[in-house]
Amino acid sequence: MVRHIVLWNLHEENKEENAAAIKATLEDLNGKIPGLRFLQVGRCYNGYDLCLYSEFDSREAAAAYRDNPLHKAAQKIVHAAMKERVAADYEC
């Protein structure tokens, strides 16, 4: 199993609305992309504005998620609102 964690800081303009849109859009991917076991987005109360936590069946499933058209569409919403991103993946 692979765990994928992403932290974002968002632009100040429309931060709350953008955070809600990102959360809804990304969490809607649950059950729609093969190999994606679970995905959750939460508002952070220290450090960063948003955190994504997700689990995949394998490295290959995580790579397929990255290239999936549904994820690419969600990514456009995220990229328009973010000013900073950090990510980490690990196997367990």
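Helix α2, residues 59–67, lies across β1 (2–10), β2, β3 and β4, and its direction makes an angle of about 130° with β3. Helix α3, residues 69–81, lies across β1 and β4, running at about 130° to β4. Please keep in mind as you look around that this is a predicted model. Below is a short tour, starting with the sheet under these helices and ending with a few loop residues.

**The sheet**

- The strands β2-β3-β1-β4, in that order, make up an open sheet of four strands with antiparallel pairing.
- The edges belong to β2 (36–43) and β4 (82–91); each has a single partner strand, so one side of each is left without a neighbour in the sheet.
- On average, and ignoring direction, neighbouring strands of this sheet are turned by 15° against each other.
- In a regular strand, side chains alternate between the two faces of the sheet.

**Strand pairs, one by one**

- Seven bridges link β2 with β3 (residues 50–56), and the pairing is antiparallel.
- β1 and β4 run antiparallel and are joined by nine bridges; Val 2 stands opposite Glu 91 in β4.

**How the two helices meet**

- Two packed helices are described by the angle between their axes and by the distance between the axes.
- For α2 and α3, the axes come within 5 Å and cross at roughly 60°.
- On the α2 side the contact is made by Tyr 65, Arg 66 and Asp 67, and on the α3 side by Pro 69, His 71 and Lys 72.
- Sorted by class, the contact of α2 with α3 has two nonpolar, one polar and three charged residues.

**Asn 68, between the helices**

- Asn 68 sits in the loop between α2 and α3.
- Is Asn 68 buried or exposed? Its relative accessible area is 16%, and buried means under 20%, so Asn 68 is buried.
- The side chain of Asn 68 reaches the backbone nitrogen of Leu 70 at 2.7 Å.

**The β2–β3 hairpin and its turn**

- β2 and β3 form a hairpin with six residues between them, and Gly 47 in the turn has a positive phi of about 85°.
- Gly 47 belongs to the loop between β2 and β3 and is exposed, with a relative accessible area of 69%.
- From Gly 47 to Cys 92 the separation is 45 residues in sequence and 25 Å in space, C-alpha to C-alpha.

**Asp 49, in the loop between β2 and β3**

- Asp 49 is also placed in the loop between β2 and β3, but this residue is buried, with a relative accessible area of 11%.
- Which residues does Asp 49 touch, not counting residues up to four places away in sequence? They are Trp 8, Asn 9, Leu 10, Lys 15, Gly 42, Arg 43 and Cys 44.
- With Lys 15 there is a polar contact between side chains, at 3.3 Å from Asp 49.
- Ala 19 is 30 residues apart from Asp 49 in sequence, and the two are 8.0 Å apart in space, C-alpha to C-alpha.

**Asn 14, a backbone angle to look at**

- Most residues other than glycine have a negative phi.
- Asn 14 has a phi near 60°, a positive value in a residue other than glycine.
- You will find Asn 14 in the loop between β1 and α1 (15–27).
- Asn 14 is partly exposed, with a relative accessible area of 43%.

Terms used. Residues numbered from 1 in each chain as written. Predicted model: local features only at pLDDT ≥ 70, side-chain atom pairs only at ≥ 80, totals over all residues. Heavy atoms only, no water. Pairing = 2+ DSSP bridges. Helix = DSSP H or I, 4+ residues; strand = E, 2+ residues; numbered from the N terminus. Axes fitted to C-alpha atoms, helices over the stretch in contact; angles between N-to-C directions. Contact = heavy atoms within 4.5 Å. Buried < 20%, exposed > 50% of the residue type's maximum accessible area, 1.4 Å probe, protein only. Polar contact = N/O pair within 3.5 Å; in protein donor to acceptor, adjacent residues only side chain to side chain. Nonpolar A, V, L, I, M, F, W, Y, C, P; charged D, E, K, R; others polar.
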